[in-house]
Amino acid sequence: GHIMSIQNNNFFALFDLPIDFLIDKNTLKNRFLALQRKYHPDNSQTNDAETNASLINHAYNILICDDRRAIYLLELANVDAQIGASIDDSVFLGEMMEVRMDLEDANTLTDVITLQTVVDEKLAYYCQAFYQAYQQKNWQIAVQNAQKLHFLSNLRNSITIKQSSFNQSDDVDDLYV
């Protein structure tokens with residue numbers, strides 16, 4: 001049968017984790033790999049092995065990403081994360097615009113890594129902010145922080161893409177002199 005019916009339609013239960021924003025990602029990874037092996041179509045006699053395998057992947061991809069996990073927690077609490085809505089924080093948006101412009105102008109790997117550090121610090125900050133609001137069931141603030149996490153995660157992906165466009169040469173600073 002479907003593992004989901006066993007698991008009460010809950011991605012946290014699937015990996016035997018508490019429903020919380022702060023999770024142990026190593027535990028998640030290990031349980032994911034174990035479930036993947038268990039429900040791999042080659043090892044599984046059931047007809048819905050494919051369904052189970054794709055469900056396990058989907059659940060893992062949601063829980064491993066901070067922004068997706070935040071949005072999913074809001075869903076579980078029946079709160080609309082309003083991810084499509086525009087962020088109502090001009091200071092934040094101004095800072096992000098600056099990072100985006102710097103990213104476009106970045107022409108050394110060092111520049112990109114500097115921006116990555118900035119974005120990672122922001123991600124850590126808004127993870128903490130989301131966690132506190134979520135704990136207090138302050139849904140309006142939780143939603144605002146989830147939106148920012150989502151925005152920052154997309155920006156972080158752009159940084160990773162830009163980073164891989166550079167030759168990972170040893171003499172990083174001598175690339176474009």
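A salt bridge joins the side chains of E95 and K122, with N and O 2.8 Å apart. This pair connects distant parts of the chain, since E95 belongs to helix α6 and K122 to helix α7 (residues 109–135), 27 residues apart. Both partners are partly exposed: the relative accessible area is 33% for E95 and 23% for K122. The structure described here is a predicted model, and a search of the whole of it finds five salt bridges.

A second salt bridge is formed by K148 and D89, whose closest N and O atoms are 2.5 Å apart. K148 sits in helix α8 (residues 139–164), whereas D89 is found in the loop between α5 and α6 (90–105), so this pair ties together parts of the chain that are 59 residues apart in sequence. How accessible are the two partners, K148 and D89? K148 counts as buried because its relative accessibility is 8%, under the 20% cut-off. D89, with a relative accessible area of 21%, is partly exposed.

K25 and D66 form a salt bridge in which the closest N and O atoms are 2.9 Å apart. Here too distant parts of the chain are linked, as K25 lies in helix α3 (residues 25–38) and D66 in helix α5 (residues 66–76), 41 residues apart. K25 has a relative accessible area of 30% and is partly exposed; D66, at 23% relative accessibility, is also partly exposed. The pair is part of a network, in which salt bridges that share partners join K25, D66 and R69.

Where do the buried residues of α3 fall when seen down its axis? L28, F32 and L35 are buried in this helix. Viewed down the axis of α3, the buried residues fall within an arc of 70 degrees, so they line one face of the helix. An α-helix has 3.6 residues a turn, so residues three or four places apart point the same way. Turned away from the buried side of α3 is a face that carries the exposed residues N26, N30, R37 and K38.

Definitions and conventions: Residues numbered from 1 in each chain as written. Predicted model: local features only at pLDDT ≥ 70, side-chain atom pairs only at ≥ 80, totals over all residues. Heavy atoms only, no water. Salt bridge = Lys/Arg side-chain N within 4 Å of Asp/Glu carboxyl O. Helix = DSSP H or I, 4+ residues; strand = E, 2+ residues; numbered from the N terminus. Buried < 20%, exposed > 50% of the residue type's maximum accessible area, 1.4 Å probe, protein only. Arc of directions from axis to C-beta.
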